[in-house]
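Hi there,

Here is the structure I promised to pass on. Have a look at it first, and then read my notes below.

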Amino acid sequence: MAPRYEICVGLEKGHKTTKNVLKAKPSNAKGKLTKHNKFVRDLIREVAGFAPYERRAQELLRIGKEKRCLKFLKKRIGSHDLAKRKREEMQAVLQAMRKKAAA
């Protein structure tokens, strides 16, 4: 690669500097799943159960309507990516129920 010169045009224009190495901010750890966090969420799920829209999503998955389930969740949650994540979660729950019933 060619040596880097300070020129006034192009992608690499301007005075060449070295990047500062910053330490990680505490806000970067927000939302991280910890052992305690997971325990609390599992406990709440056990006590409160599923929301009505989650039960309907599970029902749609049981009868094999995955696409309809995704569309339903997308409408309820508002985001395609979050709806896909929720559908995966509901499929995992159903799989665990089936596994528990078989044992």
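I'll start with the charged residues: R45, E54, K86 and E89 are linked in a network of salt bridges. Before going further, please keep in mind that this is a predicted model.

Take R45 and E89. Their closest N and O atoms are 2.9 Å apart, and the two form a salt bridge. R45 sits in helix α1 and E89 in helix α4, so this pair ties together parts that are 44 residues apart in sequence. Both ends are partly exposed: R45 has a relative accessibility of 29%, and E89 has 32%.

Next come E54 and K86, whose side chains meet in a salt bridge at 2.6 Å, N to O. Here helix α2 supplies E54 and helix α4 supplies K86, so the pair ties together parts 32 residues apart in sequence. Are these two buried or exposed? E54 counts as buried because its relative accessibility is 4%, and K86 is buried too, with a relative accessible area of 13%.

The link between the two pairs is K86 with E89, a salt bridge of 3.8 Å from N to O. These two are three residues apart in helix α4, so about one helical turn separates them. As a bit of background, side chains of opposite charge can pair when their charged atoms come close.

Now look at R87, which is also in helix α4 (residues 80-102). R87 is buried, yet it has no salt bridge. Leaving aside residues up to four places away in sequence, R87 touches L61, E66, K67, C69, L70 and L73.

Some of those names come back in the largest nonpolar core. It has eleven residues in all: F50, A57, L60, L61, C69, L70, F72, L73, A83, M90 and L94. The elements that give two or more residues to this core are α2 (52-62), α3 (66-77) and α4, and α3 gives the most, with four. In general, nonpolar side chains in soluble globular proteins tend to be buried together.

Which residues line the largest pocket? They are L33, K38, R41, D42, R45, G49, F50, K86, E89 and V93, so you'll meet some of the salt-bridge network again there. α1 (35-48) and α4 each supply at least two residues of the lining, and α1 gives the most, with four.

Last, a stop at the segment before α1, where you'll find Y5. At 58% relative accessibility, Y5 counts as exposed. The C-alpha atoms of Y5 and H15 are separated by 8.7 Å, and the two residues are ten apart along the chain.

Cheers

Methods. Residues numbered from 1 in each chain as written. Predicted model: local features only at pLDDT ≥ 70, side-chain atom pairs only at ≥ 80, totals over all residues. Heavy atoms only, no water. Buried < 20%, exposed > 50% of the residue type's maximum accessible area, 1.4 Å probe, protein only. Lys, Arg positive; Asp, Glu negative; His and termini not counted. Salt bridge = Lys/Arg side-chain N within 4 Å of Asp/Glu carboxyl O. Contact = heavy atoms within 4.5 Å. Core = buried A, V, L, I, M, F, W, Y, C linked by side-chain atoms within 4.5 Å. 1 Å grid on protein atoms, 1.4 Å probe; cavity = no way out; pocket = protein on both sides within 12 Å on 5 of 7 lines; lining within 4 Å.
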